[in-house]
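Please keep the sequence and the structure in view while reading.

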Amino acid sequence: MTDAKDSDSPPFAGISTTSQATDATEKVSSELFDLIGLKGKATEPGPGVLECAGKDPEKYFTTFHSWTFTPASPGQLDGVMERLKEELPKHGWKVVEFGPDTSKNKNVRITADNDAKKHSVKITHWAKDNPPQLNMMVVSGCYQVPDGEKVQ
């Protein structure tokens, strides 16, 4: 997400309760699940809340949702990363990184930002796992709770 003054800090995502913000992050994850376009299973843990670095932890927070997608059959993930690289921009995402990671398996990774939704996603294709999987890490920008409330 590119509107942060410091590239290491998340942009301001708006004023929200933690419940509304985690719902928004879960919705973004659901949209990404739909973009995968394959039959399969996703792990169930819901989104969580973290502190925004360098900000008052009682007033500012960010949300995250980490999940893994396992296709119905292993070969279904062949070419999925290239397809996602093409499809994400059509849905408001800017691909900022694409290629192998630094692991010995050289897993293919996409990092993409959606400035309108104030979310970023890192998708890693674990092609050599048995079964092959996609790992998704969705993170939001930094939210501020409404006046008089605290981060839950």
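**Salt bridges in the model**

At 53% relative accessibility, K27 counts as exposed, where exposed means over 50% relative accessible area, buried means under 20%, and partly exposed lies in between (1.4 Å probe, protein chains only). This is a predicted model, in which local features need pLDDT of at least 70 and side-chain atom pairs count only at pLDDT 80 or more, while totals for chains, interfaces and linings use all residues. Residues are numbered from 1 along each chain as its sequence is written, and side-chain values use heavy atoms, with hydrogens and water left out.

**The whole structure**
- A search of the whole structure finds 5 salt bridges, each being a side-chain nitrogen of Lys or Arg within 4 Å of a carboxyl oxygen of Asp or Glu.

- K27 forms a salt bridge with E31, with 3.8 Å from N to O, and E31 counts as partly exposed at 29% relative accessibility.
- Because K27 and E31 are 4 residues apart in helix α1 (residues 18–36), about one helical turn separates them; helices (H or I, at least four residues) and strands (E, at least two) are DSSP runs, numbered from the N terminus.
- A network of salt bridges links K27, E31 and K117.

**K150 and E58**
- The closest N and O atoms of the salt bridge between K150 and E58 are 3.6 Å apart.
- K150 lies in the segment after β9 (142–144) and E58 in the loop between β3 (48–51) and β4 (60–71), so the pair ties together parts that are 92 residues apart in sequence.
- E58 is partly exposed, at 44% relative accessibility.

**E87 and K90**
- E87 and K90 meet through their side chains in a salt bridge of 3.2 Å, N to O.
- E87 counts as partly exposed at 22% relative accessibility, whereas K90 counts as exposed at 60%.
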